[in-house]
Amino acid sequence: IAGGVSWEEVIRPLQEISTMWVMAYLFYIAFTYFAVLNVVTGVFCQSAIESAQNDHAMVVQALMDNKAAHIQKLRGLFHQMNGEDSDRGVITLGMFEEKIKTPAVREYFEALGLDIWDAWSFFKLLD
C-alpha cells in the first residue's frame, strides 16, 4: 500500500539465518499492527464519548429552556385565571375549578404530563 518493501523479501534472508528471527519479525509486525489499531480505536472511542457528553449537555439545556418556558406559560395562565383580582395575586378554588374545566387548560396540563382529574386535590397541591 505504501510502496515499501514486501514482507516476503525481508523474511527470506531471515529464514536463512534462523526461524527464530522469522518469528521475532512476525511478532514485531503483529504487535505494531495491533498497536496502531488500538490507537485508532482509542481515538474513535474518545470522540464518541465526547460527542455523547455534548449531546447530554444539549439535552439538559433543552430541558432547562423548556422548563423556563413552561413556568412562564403557567404564570400567564394563572394570571389569566385571576381575572379582575389580578392585583392581589390570589386564585380561589371556585375560580380554579371553573378554568380547569375548559378544554384548553386541561390540554395544556396534559401536555405538561399532569393529569388533573380532581381539581380540589390539584389546587391543594399547588397551595
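Which residues of α3 are buried? The points below take up this question along with the rest of the chain.

1. The model is predicted. The chain holds five helices and zero strands, so the order of elements from the N terminus on, α-α-α-α-α, is given in terms of helices as DSSP runs. Buried residues account for 16% of the 127 residues in the chain.

2. Of the contacts between residues at least 6 apart in sequence, 36% join residues at least 24 apart.

3. Helix α1 (residues 7-17) packs with helix α2 (residues 19-82) at an angle of about 150°, and their axes lie 8 Å apart. From α1, the residues in this contact are Trp-7, Val-10, Ile-11, Leu-14, Gln-15 and Ile-17; from α2 they are Trp-21, Val-22, Tyr-25, Leu-26 and Ile-29. Sorted by class, the contact of α1 with α2 has 10 nonpolar residues, one polar residue and no charged residues.

4. In α3, the buried residues are Met-95, Phe-96 and Ile-100. Viewed down the axis of α3, these buried residues fall within an arc of 125°, so they line one face of the helix. This answers the opening question.

5. Helix α4 (residues 103-111) has Val-105, Tyr-108 and Phe-109 buried. Down the axis of α4, its buried residues fall within an arc of 95° and therefore line one face of the helix. Pro-103, Glu-107 and Ala-111, on the other side of α4, are exposed. Just after α4, Gly-113 has a positive phi of about 90°.

6. The largest nonpolar core has 13 residues, of which Leu-77, Met-81, Ile-91, Phe-96, Ile-100, Val-105 and Phe-109 touch the most other members. Two or more residues of this core come from each of α2, α3 (93-100), α4 and α5 (119-126). A second, separate core has five residues, among them Ile-11, Leu-14, Tyr-25 and Ile-29.

7. Leaving out residues up to four places away in sequence, Phe-109 touches Leu-74, Leu-77, Phe-78, Ile-100, Leu-114, Ile-116 and Phe-122. Phe-109 is one of the buried residues of α4, and Ile-100, which Phe-109 touches, is one of the buried residues of α3. Both Phe-109 and Ile-100 are listed among the members of the largest nonpolar core that touch the most other members.

Terms used
Residues numbered from 1 in each chain as written. Predicted model: local features only at pLDDT ≥ 70, side-chain atom pairs only at ≥ 80, totals over all residues. Heavy atoms only, no water. Axes fitted to C-alpha atoms, helices over the stretch in contact; angles between N-to-C directions. Helix = DSSP H or I, 4+ residues; strand = E, 2+ residues; numbered from the N terminus. Contact = heavy atoms within 4.5 Å. Nonpolar A, V, L, I, M, F, W, Y, C, P; charged D, E, K, R; others polar. Buried < 20%, exposed > 50% of the residue type's maximum accessible area, 1.4 Å probe, protein only. Arc of directions from axis to C-beta. Core = buried A, V, L, I, M, F, W, Y, C linked by side-chain atoms within 4.5 Å.
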